[in-house]
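This report describes selected features of one protein model. Please keep the sequence and the structure in view while reading.

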Amino acid sequence: TKELFKQQVAQSLTMVTVNHYKGLVDMSLSKSASPPAESGTVNTTDYRKTFNLCPVLYLGTKNNFPNEIDDEAKASSVLEGGMKVLNDHLRGQEFFLYKYGYVDGKRTIIEVEDDEVMDELEEIGFYEYWYNACGELPKWGNLWPIFRMNSKREIAEIKLYDSMWNRFERPQPSNGKTENIYVSAQWPNNIHLQFIKGEIPPNLKNWIFKYPLLDPMIYTDQMGSSAMKKYDSFAAHIKYHTSGSIYGRAPWHSLYLNRWLGISGKVPEMIMRYYEAAMTINYLIYVDNDWLTKKFEDAGELTAEQRTEKVKDLEDSYEKNLKGGENAFKSLMLTSKMDQNGNQVKNVTFETLENKIRETTVIPDSQVSDGQILFTLGVAPSLMGAVIPGGKGGEGGSGSNIREASLALQMRLKPDRDLINTAFYMWRDYKFRNIKDRNKTKLMIGVRDYAINTLDGAAPAAAKVTTPA
């Protein structure tokens, strides 16, 4: 109605809501409020009420964006397969320690044998962290390593929860700093709405974990400070840089927003529905009514049931001779007659039905969506044995091209490995903060990759490729 429309317009003018990245920012401006100063002003009273109502900084308008996108991602075989290829390349084959040095005046990588360090990395769970992080970072654009301290205030464990379980706390009303994170698998069940005065209710202590968040600029001092001794665990945040957003995001998330991901997942479902609902009739058979009546007269006087049975027998005889591989290219003899004008009239006529499924456009659309998915992952189609989008069959690439694509992917994943290894450097800087041995304080960690050799049969099956990370 007009009145309802006017009310809706008035309401939309009264409150302007700015949603950035599916609700990361929710800022309301009253119609009667004055424009903010250039430096920006915050109504701390209203913000404190919001903080106390729910201190969790939403990820998505309903705080369940990761779950929404994951539900759709699981339906895309190309995304799942491409992500697996990406994860495998990112993980590499084995770790090695190194430092930079100079050989013959050239800066180079010098491998370091340090069993003590490697053993401790295994003890604190760094290998498991690395394996999981290589799956989480490309998928979500965020990592949240948790550092657990022992009674000697040494790092006893590095662990990683699923990225989709982690949420920032809203910036503190008193200083504007983000001081904590929350971890829970129950955000889609609106558990964030059950906070009481900004605190986790006692009955939810086992469902929501709260960790202090380390400042990336002073984390070594923070972890060793007396003020932090009351905490036995700390969290860090590692992300793909995303301008204007405290949360990181992965490039493939755009596929969810522009719907290419939905197309990729829905095409198989659509084709399946075609097959389930498709008519399986291949021919229409037209029989001249006068001819059919004459056949009945020749058979003598028939009841209605007998006439129906005769028609069914005739239909079965045609079908028997039209279907099956043994009837391919078979000839049928049919009768015809002449009308009063001398034109031939067929007593029986066959019409082949067109199969619309063969001409559907969903397959080309699917190929385009699959290409969009692989582009955002940075994975060459040839690495998955796929046809190049827009190309013809057999254009997946030769062995040499696949090898080069694999090497190129390994090289471009170094920045991702650098991000993941932030946890290693945090451990190193804290572990060796009080010693001056540069073999310890400048220790780096790398990943060794393998490349398939396709040059000739005499060449080794695989060659080690040392990739700093």
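## Terms and basis of the model

Two strands are said to pair if DSSP finds at least two bridges between them. Helices (H or I, at least four residues) and strands (E, at least two) are DSSP runs, numbered from the N terminus.

The model is predicted: local features need pLDDT of at least 70, side-chain atom pairs count only at pLDDT 80 or more, and totals for chains, interfaces and linings use all residues. Residues are numbered from 1 along each chain as its sequence is written, and side-chain values use heavy atoms, with hydrogens and water left out.

## The chain as a whole

The protein chain contains 16 helices and 18 strands. Of its 469 residues, 37% count as buried; here buried means under 20% relative accessible area, exposed means over 50%, and partly exposed lies in between (1.4 Å probe, protein chains only).

A contact means heavy atoms within 4.5 Å. Among the contacts in the protein chain with a separation of 6 or more, 65% are between residues 24 or more positions apart.

Three strands form an open, antiparallel sheet in the order 8-9-10. Strand 8 (166-168) and strand 10 (209-212) stand at the edges with a single partner strand each, so one side of each has no neighbour in the sheet. From one strand to the next, the twist averages 25°; axes are lines fitted to C-alpha atoms, for helices over the stretch in contact, and angles run from 0 to 180 degrees between N-to-C directions.

Strand 8 is joined to strand 9 (residues 180-183) by three bridges, and Phe 168 has Ile 181 in strand 9 as its bridge partner. The loop between these two strands holds Glu 179. With 31% relative accessibility, Glu 179 is partly exposed. Its C-alpha atom is separated by 7.0 Å from that of Glu 169, 10 residues apart along the chain. Not counting residues up to four places away in sequence, Glu 179 touches Glu 169, Gln 172, Tyr 211, Pro 212 and Leu 213.

## Strand 6 and its partners

Strand 6 (residues 145-149) is largely enclosed by the rest of the structure, because four of its five residues are buried. Strand 6 pairs with strand 7 (residues 155-160) in the antiparallel sense over five bridges, and Pro 145 has Leu 160 as its bridge partner in strand 7. The two strands form a hairpin with five residues between them, and Arg 153 in the turn has a positive phi of about 60°.

Strand 6 also runs antiparallel to strand 11 (residues 233-235), to which three bridges join it. There, Phe 147 stands opposite Phe 234.

## Helices and cysteines

Helix 4 (residues 77-91) packs against helix 6 (residues 126-140) at an angle of about 135°, with the axes 9 Å apart. Helix 4 is therefore oblique to helix 6: angles under 35 degrees count as roughly parallel, over 145 as roughly antiparallel, 65 to 115 as roughly perpendicular and the rest as oblique. Residues of helix 4 including Met 83 and Leu 86 meet residues of helix 6, among them Trp 130 and Cys 134.

Is Cys 134 buried or exposed? Cys 134 is buried, with a relative accessible area of 0%, and Cys 54 is buried at 6% relative accessibility. The structure holds zero disulfides, a disulfide being a pair of cysteine sulfur atoms within 2.5 Å.

Helix 15 (residues 422-431) is mostly covered, with seven of its 10 residues buried. Phe 424 and Trp 427 are among them.
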